[in-house]
Amino acid sequence: MKLFIHTDPIRFEVGYEWGYGPCSEIVDMIFSFWGKNQELLFAYRELDRDKDEHKDEISEDLIEAFHADILYDEDGKMEKKIYEILVSSSYVTDPKITMEQLLTKFRTADLKNVDSSTKQQIKEALYKSYTIYELMDEPSETQSFINERIKSENSLWLSHYNKPDHLKRILWYKLSSREEVVKAIEINFWFSCMLVDQGAPLEEYNYFLTYTEEHGDIGEHDGMVLYIKTKKLIEFMDLVVPKLESTFGKIDIII
């Protein structure tokens with residue numbers, strides 16, 4: 001593990017040792033930053049699906065996947081939806097055709113033979129069903145978990161990455177236990193969170209953490225990275241770094 005103090009934000013290179021998904025090491029890492037009388041707030045970002053610059057590309061990939069019958073549809077709801085779109089279009093010439101027959105016909109024919117209007121309706125239906133942009137798109141369990149813990153909502157952008165043009169709002173929800181942190185990481189493995197003093201404005205956070213994955217060229221880092229934004233560098237070096245080393249062993253610190 002390497003800790004780059006001279007970068008902005010601070011960069012903590014982890015690697016792939018912890019794998020993907022929630023694990024005790026990631027939770028321990030977060031808890032190393034958690035000081036007395038501080039709150040841990042995770043960010044859930046809501047985006048405007050219709051303003052996503054990749055919408056057309058995503059929609060095209062989805063219709064191609066449905067056409068190839070490789071799109072997950074366990075209960076068959078999506079097939080029924082596409083069948084209804086096809087039946088109400090000029091694509092159907094036989095009024096007695098069954099759903100199975102029509103979907104087989106659709107999947108064995110060239111997509112280019114589908115008129116643009118029908119194809120667009122199918123793409124819109126798939127895009128809405130298979131993309132998650134807002135909390136309402138999540139499973140009910142996830143919605144309840146976050147809604148019950150919301151501390152604040154705003155459009156405050158703290159990440160060092162560029163702010164998405166289609167950002168709608170950010171829900172900041174408060175966590176109080178290891179089990180809750182695990183659940184939050186299950187919701188979004190590439191998470192952002194902050195440690196902020198109780199009652200303080202969010203802008204006055206102690207630490208803002210962003211966990212992500214990066215692929216470097218030969219000789220460069222390849223794996224997980226934790227980015228750390230803080231105005232309390234001395235406190236970080238005196239209090240947080242010793243906790244990290246106590247948990248994970250000696251860390252190569254580059255100043």
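I took a cavity to be a set of points on a 1 Å grid over the protein atoms alone where a 1.4 Å probe fits but cannot get out. Grid points are joined across faces, edges and corners, and a volume is the space filled by probe spheres set on the points.

I note that this is a predicted model, in which local features need pLDDT of at least 70, side-chain atom pairs count only at pLDDT 80 or more, and totals for chains, interfaces and linings use all residues. Residues are numbered from 1 along each chain as its sequence is written, and side-chain values use heavy atoms, without hydrogens and water.

**Cavity.** I searched the whole structure and found one cavity of 30 Å³ or more. The volume of the largest cavity is about 30 Å³. Its lining (residues with an atom within 4 Å of a point) consists of Phe42, Ala43, Tyr44, Tyr173, Ile187, Asn188 and Phe191. Strand E3 (residues 38-47) gives the largest share, three residues; strands (E, at least two residues) and helices (H or I, at least four) are DSSP runs numbered from the N terminus.

**Largest pocket.** I then turned to pockets, open sets with protein on both sides within 12 Å along at least five of seven lines. The largest holds about 500 Å³ of space. Of its 22 lining residues, Arg45, Leu47, Trp157, Asn188 and Trp190 lie nearest the centre. E3 again supplies the largest share, here four residues.

**Second largest pocket.** I recorded about 160 Å³ for this pocket. Tyr72, Asp73, Glu74, Asp75, Lys77, Met78, Ser129 and Tyr130 line it. Helices H3 (77-87) and H5 (116-130) each contribute at least two lining residues.
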